[in-house]
Amino acid sequence: MPLVEIRNVTKQYRKGGQAITPLRDVSLDIERGDFVSLMGASGSGKTTLLNLIAGIDRPSSGQVVVDGTDVTRLSRTRLAHWRAAHVGYIFQLYNLIPVLTAYENVELPLLLLPLSAAERRKRVGIALDAVGLADRADHYPRQLSGGQEQRVGIARAVVADPVIVVADEPTGDLDAEMSEQVLHLLRRLNAELGTTFVMVTHDPKAAAVARRQVRLEKGELVEPGVVPAVRRA
Amino acid sequence: MRFLPYVLKSLWRHRARTALTVSGSAVALFVFSFVGAVRDGLARLTHGREAERTLVVFQANRFCPSTSRLPEDYARAIAKIDGVRDVVPIKVFMNNCRASLDLVVFHGVPAEKLRAARDLTLLSGDWAAFEGRADAALVGRALARRRGLSAGQRFSIGEVTVTVAGVFTAASAAEENFLYTHLDFLQRTRGLNSVGLVTQFEVLLTEGAEPQAVCRAVDAAFRDDRAATDTRPKGVFQAKAVGDLAELIGFAHYLGFACVGLVLALVATTTVMAVQDRVREHAVLQTLGFSGPLLFRLVLIESLLVSLAGGLVGVGAALAVLAGSGLAIGTEGVTVAFTASPGLAAVGMSVTAAVGLLAGLVPAWQAARAEIVASLRHV
């Protein structure tokens, strides 16, 4: 049984009196332990799809089931609790909390779980060690380079041992060398932890790190080498 | 508690803004507490057992104590009236009959009556020194602090010069602004010319006596005598004496409300700004799994802490000033003491907490209800 089952999902909203449909009737399965890249041009709906999988957005219609839970049916509060326990999110712009140290940033998701201080300390230590920043635990985000900030962001995403980690253009704000390091880290964590990764990127080199590539165009899934109009026909 | 470091660091992030809000709130709560202390002082004068169960016999149609001159021998007749337990003749002399923040009121009372009728505790000096010296005076703690008086010092107001035999504290804060001396000393003081005359009598009632009935009986006894009397319960007498002040104090009540409004506006503004500055950060927290109710509580706690910090500083400073200064305002021989009390501190901090929570409600709601995806795009 797939970890993620997306069934006939459409996302629509109105902007300036105009109906926008970033996703149209999308269905997709993602297997447990897989590493999937979502590719597509700007406005293709890849981030919208990622957000639906992460449970921070809701579809206008269709169903998103992650690890047996239909996240479209959860209330706001229950969905938040579900995210805390099941999802890790890596942002393009890191989005670390500036007033917290690297350690405290990584600890944040654990504060939502019923864990003792000692258990939290142990897990944060392991996560920071895994991203090679154990010696930067007391540093604030402003004292870290972009690559280091993103590694803290990755540690924060995996520290609660989620079933799925989603990454929205995780290398989009990094230079080539840093991008390479971060992608290598994601691939290693996927292999070592067995955690499912879904990564949005428009960079073919980054997408190549994934085991499976999924392409979106104008809100629709495209099989490799097939254009939407041909597929519909 | 596990989120407290984040809350505190968030407040510290804009420390200048937080400090300004805290100091603004502190000033407003200082004023609020001060107004509260004045209102409490007035309430204590006009309510309570002593205010209701002790009568003051004054000369009819007189206002300032210096104009009330009752024959001292009225005491014997008053003592015979049903319901009267004891009568204390008092000669009042003061430096100013009008409203003043530095009113010095001498009460000339027979030493044995003073000891029996007043609940005084000597902080320095002793009763023997008072009883053994004609010009001796016992000075209330607030007055002693205000005028820098201590046992052994001589102290003059106008024609009256006394030697401080001790400093006392009393159950009634207003009492601590008085100076007690011997009745005959004050009567014989040159310039006062009041041998055989007193300003007023304090009438202590027996258990079960009906105050109004005794008032009527006293006034009836002297209606056609040398000086007609006007007898009232002490609380009513004092309320009448400070009537004009009471109106001002009543007006100051609105000043207290204005201060609360000011704190509300300050804390609410700061909290709204703090939430608007962190739209994206709150969206990140929600993405990590922070629920709306949790964010609501965190913002509310921030607002509460800012308000409480202002309250601690403002109310604390007010209590310290009140306790250390012995401030009082008086008129016509009656003083309203501004006193620090645990009740005042409790009211101040309760108002502070309520205002902090109220100020945080709207921004907390906004933070809790924000759409994550839209907020993540917020610059």
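Me: A residue counts as buried if 20 or more other C-beta atoms, placed from the backbone, lie within 10 Å of its own, as exposed if 12 or fewer do, and as partly exposed in between. Which residues of H12(B) are buried?

Reply: The model is predicted, so local features need pLDDT of at least 70 and side-chain atom pairs pLDDT 80 or more, whereas totals for chains, interfaces and linings use all residues. Residues are numbered from 1 along each chain as its sequence is written, and chains are lettered from A and ligands numbered from 1 in the order in which they are written. The buried residues of H12(B) are B:His282, B:Ala283, B:Val284, B:Leu285, B:Gln286, B:Thr287 and B:Leu288. A helix here is a DSSP run of H or I with at least four residues, a strand a run of E with at least two, numbered from the N terminus.

Me: Why is helix H12 of chain B called largely enclosed?

Reply: Seven of its 10 residues (279-288) are buried, so the rest of the structure largely encloses H12(B). The cover includes H2 (76-86), S6 (87-90) and H3 (102-111) of chain A, together with H13 (292-325), H14 (342-369) and H15 (372-376) of chain B. Just after H12(B), B:Gly289 has a positive phi of about 120°.

Me: What makes chain B more spread out than a compact globule?

Reply: Chain B has 15 helices and 14 strands. Its radius of gyration is 28 Å, well over the 21 Å from the globule rule for 379 residues, so chain B is more spread out than a compact globule. The radius is taken over C-alpha atoms, and the rule is 2.2 Å times the number of residues to the power 0.38. Along its principal axes, the C-alpha trace of chain B spans about 90 × 45 × 30 Å. Of the 379 residues of chain B, 47% are buried.

Me: How many residues of chain B are in contact with chain A?

Reply: Contact requires C-beta atoms, placed from the backbone, within 7 Å. By this criterion, 20 residues of chain B touch 19 residues of chain A. H1(B) gives the most to this side of chain B, with six residues. The side divides into 10 nonpolar, six polar and four charged residues. Nonpolar means Ala, Val, Leu, Ile, Met, Phe, Trp, Tyr, Cys and Pro, charged means Asp, Glu, Lys and Arg, and the others, Gly among them, are polar.

Notes: Two residues are in contact if their C-beta atoms, placed from the backbone, lie within 7 Å.
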